[in-house]
Amino acid sequence: MLSGKSYPHPRQEIWVGAYTDKKSEYFELRTVNETSNDSYSPLWHKYAPLGSAIADFLYDDLKHFESDLNAVKIRVDAINAGQEREQSLRGLFDLAKLWLSDNPLYAPMAAAVERLEVEAEKGNTLNTDEIERMMKEYRAWQPKLKAIAHCVLETEDNGDRDMREKYLAERAKDKARFPILSYGQLHLEAVYSGGNVPYPYDDLLNFGQFSEPTAITAEVLNTEGVSDLICFLLCRYLEANLRFHACKFCGKLFGVVGNYKQEYCSRVIPGSEKTCKEMGSVRLYEKKIFSEPAIKEYKRSYKAHNARIRYGLMTREEFDKWAAEAREKRDTCVAGKLSLEDFVAWLDRDKQR
Ligand SMILES: [Zn+2]
């Protein structure tokens with residue numbers, strides 16, 4: 001929540017701006033500039049390592065959409081009935097902030113909820129159609145993104161294979177799980193990278209150390225759409241030859257560019273202030289206790305199965321299929337929904353003596 005009495009209001013329109021550079025992805029909520037109509041004002045700005053938004057989304061339990069939608073409906077009904085208008089608008093704003101802090105991939109939905117304020121301003125009756133449509137889109141994308149993560153982005157081979165080519169090869173096999181990647185228009189813009197500068201959505205009382213950002217030039221996607229944003233990010237990941245690695249500490253996938261040797265993600269460990277990377281780099285001996293046995297078993301079996309290609313006991317295609325299935329089972333095991341014993345039994349079911 002913001003400190004102070006007022007909270008920022010969108011002017012006429014509110015949408016998402018997104019861009020990337022070699023290492024990071026950037027997200028903004030933008031509204032029409034107060035003084036010049038052909039310009040925008042950023043309301044919220046966030047950046048993260050390239051690959052973060054989609055990697056984190058893979059693990060988000062979308063069940064929270066049900067209660068979120070209910071919360072939106074209650075406020076929309078109140079505003080339509082002319083009751084508790086300010087309080088309800090404030091409630092919608094808080095929900096938008098919550099989604100943004102969960103994952104910048106929810107920026108289009110946060111913009112949609114803030115768009116309700118613009119509609120209320122115009123005196124229109126509000127509805128939740130757009131939010132519901134978006135929730136449906138996120139739900140439909142999640143299994144596809146899991147397939148894309150496991151079959152395309154997560155690869156142990158560190159060669160220079162063009163990831164875009166790899167995507168199209170998967171798409172040739174399964175058009176439903178690997179859709180056409182297309183998005184709206186890009187605008188060349190002067191934008192910022194890095195730094196820590198407060199934006200209207202930031203809580204000034206709890207704002208960290210101020211630092212100057214660097215001015216950069218980037219092609220920016222300006223959109224209101226969920227699929228637009230997802231396709232844009234995927235295309236940028238593929239173009240950057242981004243790989244997903246399973247973190248050796250928490251087992252979750254994270255994006256790696258350039259240095260493909262990276263083994264730990266930068267997620268904060270639950271109940272700790274440290275990230276997996278910090279935990280991994282200090283190489284505490286406790287690591288042995290924490291580290292995921294499922295990852296070790298998967299790696300062991302991966303090597304054994306991979307060797308079969310060389311000996312002509314398995315085709316590359318059979319291997320790819322096995323690996324994708326093995327990764328899904330590994331993730332289920334890391335998530336605690338499959339026992340380690342069952343996972344190892346599955347890995348070893350075709351063990352050759
Ligand atoms: Zn991790």
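This is a predicted model: local features need pLDDT of at least 70, side-chain atom pairs count only at pLDDT 80 or more; totals for chains, interfaces and linings use all residues.
Let's start with Glu28. You'll find Glu28 in strand β2, which runs over residues 24-32. Is Glu28 buried or exposed? With a relative accessible area of 3%, Glu28 is buried, because anything under 20% falls in that class.

So what does the side chain of Glu28 meet in there? One partner is Arg30, whose side chain makes a polar contact of 2.8 Å with that of Glu28. Another is His45, and here the polar contact between the two side chains comes to 2.7 Å. If you skip residues up to four places away in sequence, the neighbours that Glu28 touches are Trp15, Val16, Gly17, Tyr19, Tyr40, Pro42, Trp44, His45 and Tyr199. His45 turns up in that list as well as in the polar contact with Glu28.

Now move along to the zinc ion. Which protein atoms hold on to the zinc ion as donors? They are the SG atoms of Cys247, Cys250, Cys265 and Cys276, at 2.3 to 2.4 Å from the zinc ion. Along the sequence, these donor residues follow the spacing C-x2-C-x14-C-x10-C.

The site of the zinc ion is tetrahedral, with angles of 106 to 116° among its four donor atoms. For comparison, the ideal angle for four tetrahedral donors is 109.5 degrees.

Cys247 has 0% relative accessibility and counts as buried. Cys250, on the other hand, has a relative accessible area of 22%, so Cys250 is partly exposed.

Definitions and conventions:
Residues are numbered from 1 along each chain as its sequence is written. Side-chain values use heavy atoms; hydrogens and water are left out. Helices (H or I, at least four residues) and strands (E, at least two) are DSSP runs, numbered from the N terminus. Buried means under 20% relative accessible area, exposed over 50%, partly exposed in between (1.4 Å probe, protein chains only). A polar contact is a pair of N or O atoms within 3.5 Å; within protein, one must be able to donate a hydrogen and the other to accept it, and residues adjacent in sequence count only if both atoms are side-chain atoms. Contact means heavy atoms within 4.5 Å. Donors are N, O and S atoms within 2.8 Å of the metal (3.2 Å for Na, K and Ca); water is not among the atoms, so sites may look incomplete. Four donors count as tetrahedral if all angles lie between 85 and 135 degrees; four count as square planar and six as octahedral if opposite donors are over 155 degrees apart and all others between 65 and 115; anything else is irregular.
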